[in-house]
Amino acid sequence: MSKNQQPQLKVCGLTQLNQIHELISMKTDFLGFIFYEKSPRYVLNHLNLEDILKINHPGKTGVFVNEEIDIITDIAKKAGLNFIQLHGDENEDFVIKLKQNIRSEIKIIKVIRIGDNNQETEEKTEKALNSHVLIVDYFLFDTDSKAFGGTGKQFNWTILNTLKIPLPYFLSGGISEENIENISLLEKKPFAIDINSKFELEPGIKDLEKIKKFISKAF
């Protein structure tokens, strides 16, 4: 991958302040905090909103799943979030109302979950892209699951070559040292790589040495 095509890096599912500061020193571009109570990486089991507010970084990303707008707005303000990642079934009306309630500088990432590589999945994905293109800032493609991410499973990335992707996008879903080279097969390269469960010692506890090796290989 040539220098001008190198994606940025997002590490998601963070729960430990010492690891967060280490990742900042490693020039990580996006820090992902999961505000979904059913997730084993639910950040508020480990940190409070003031802890996150004090983290000085321009890529603080809050991940929400089918959450109420007033709760997202409150957390975004108290945690000083720079990005809001909508990982559930949020529709266009939801996004529009959310944007009316948050600071205009906050960018919105809409997750599109991709299942089996078939025509139905392709049509569903195209519909989601078209309906959100004018109201969000980024897309994120992840493997479809009842757990809403963090499964460590990869979807078939080649489906992305069949789509017209109108915005910069994050690539997620089982990314590892073993499959990162396959990004070269994508016609439209990702704006950012989103890593999580493949780089953990246990949920929410990252394997920093493994991340360092990944950065040296992929970036």
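This is a predicted model: local features need pLDDT of at least 70, side-chain atom pairs count only at pLDDT 80 or more; totals for chains, interfaces and linings use all residues.
Biologist: Why is Q19 called buried?

Modeller: Q19 has a relative accessible area of 10%, and buried means under 20%. Q19 is therefore classed as buried. This residue is found in helix α1, residues 17-25. Leaving aside residues up to four places away in sequence, Q19 touches G204, I205, K206 and L208.

Biologist: What makes the protein chain as compact as a globular protein of that length?

Modeller: The protein chain has six helices and ten strands. Its radius of gyration is 16 Å, close to the 17 Å that the globule rule gives for 219 residues, so the chain is as compact as a globular protein of that length. Along the principal axes, the C-alpha atoms fill a box of roughly 45 × 40 × 30 Å.

Biologist: How do you know that strands β1 and β8 pair?

Modeller: Pairing requires at least two bridges between the strands. Four bridges join β1, residues 8-11, to β8, so the two strands pair. They run parallel, and D194 in β8 is the bridge partner of K10.

Biologist: What makes β7 and β8 a pair as well?

Modeller: Two bridges join β7, residues 169-171, to β8.

Biologist: Why are both faces of strand β8 called covered?

Modeller: In β8, residues 192-195, A192 and D194 lie on one side and I193 and I195 on the other, and all are buried. Each therefore falls under 20% relative accessible area.

Terms used:
Residues are numbered from 1 along each chain as its sequence is written. Side-chain values use heavy atoms; hydrogens and water are left out. Buried means under 20% relative accessible area, exposed over 50%, partly exposed in between (1.4 Å probe, protein chains only). Contact means heavy atoms within 4.5 Å. The radius of gyration is taken over C-alpha atoms; the globule rule is 2.2 Å times the number of residues to the power 0.38.
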